[in-house]
Amino acid sequence: MNKKRIVSLLLAVGFLGLTCSTALAAYEVQKYSFKGYVKEKTTLKPLAGAKVKIYKNGKLKDSDKASKSGAYKFKKLKKGTYKIKASLTGYRNPSDVKKSTVSKTVKVKSGAKKNLYMVAL
């Protein structure tokens with residue numbers, strides 16, 4: 001085999017490998033953001049400082065503290081179903097007086113968001 005042919009073959013194999021690994025890396029890093037607000041249910045007042053946690057299959061994936069505007073955000077999540085929970089001292093679940101947290105099952109995908117509502121004790 002002559003040297004030109006060997007070099008051409010090596011370049012073709014290298015290019016093919018680079019193309020496949022780039023496509024695989026792009027697929028693996030497909031991550032999504034999920035955001036929303038924590039608010040008081042009747043007044044819609046933002047609940048700054050509320051602790052918001054996100055779980056996948058019962059395992060804590062991330063947590064955030066609601067901003068002054070009540071906003072929270074999670075980044076770098078894989079597409080799928082998660083459970084989010086929010087809590088804040090002095091507030092409770094609006095539909096169950098015994099629960100100090102509010103939780104919702106959510107679907108993480110492009111553009112996903114969910115507001116959480118609590119009521120004062």
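Tyr 91 stands opposite Ala 120 in E8. This pair belongs to a predicted model, in which local features need pLDDT of at least 70 and side-chain atom pairs count only at pLDDT 80 or more, while totals for chains, interfaces and linings use all residues. Residues are numbered from 1 along each chain as its sequence is written, and side-chain values use heavy atoms, with hydrogens and water left out.

Strands here are DSSP runs (E, at least two residues), numbered from the N terminus, and two of them pair if DSSP finds at least two bridges between them. E6 and E8 are joined by two bridges and run antiparallel. They are part of an open sheet of four strands with the order E4-E1-E8-E6 and mixed pairing. Its edge strands are E4 (71–77) and E6, each pairing on one side only. Moving along this sheet, strand E8 (residues 116–120) pairs with E1 in the parallel sense over three bridges, and here Val 38 stands opposite Leu 116 of E8. Strand E1 (residues 32–40) also pairs with E4, now in the antiparallel sense and over five bridges; Tyr 32 faces Leu 77 of E4 in the pairing.

A further open sheet holds four strands in the order E3-E2-E5-E7, with antiparallel pairing. Strands E3 (59–65) and E7 (101–108) stand at the edges with a single partner strand each, so one side of each is left without a neighbour in the sheet. From one strand to the next, the twist averages 25°, where axes are lines fitted to C-alpha atoms and angles run from 0 to 180 degrees between N-to-C directions.

Within this sheet, six bridges join strand E2 (residues 51–56) to E3, and the two run antiparallel. Ile 54 has Asp 62 of E3 as its bridge partner, and Lys 51 stands opposite Lys 65 in E3. The hairpin of E2 and E3 has two residues between the strands, and in it Asn 57 takes a positive phi near 55°.

E2 and strand E5 (80–87) are the elements that give two or more residues to the positive patch. Lys 99, in turn, lies in the loop between strand E6 (91–92) and E7.
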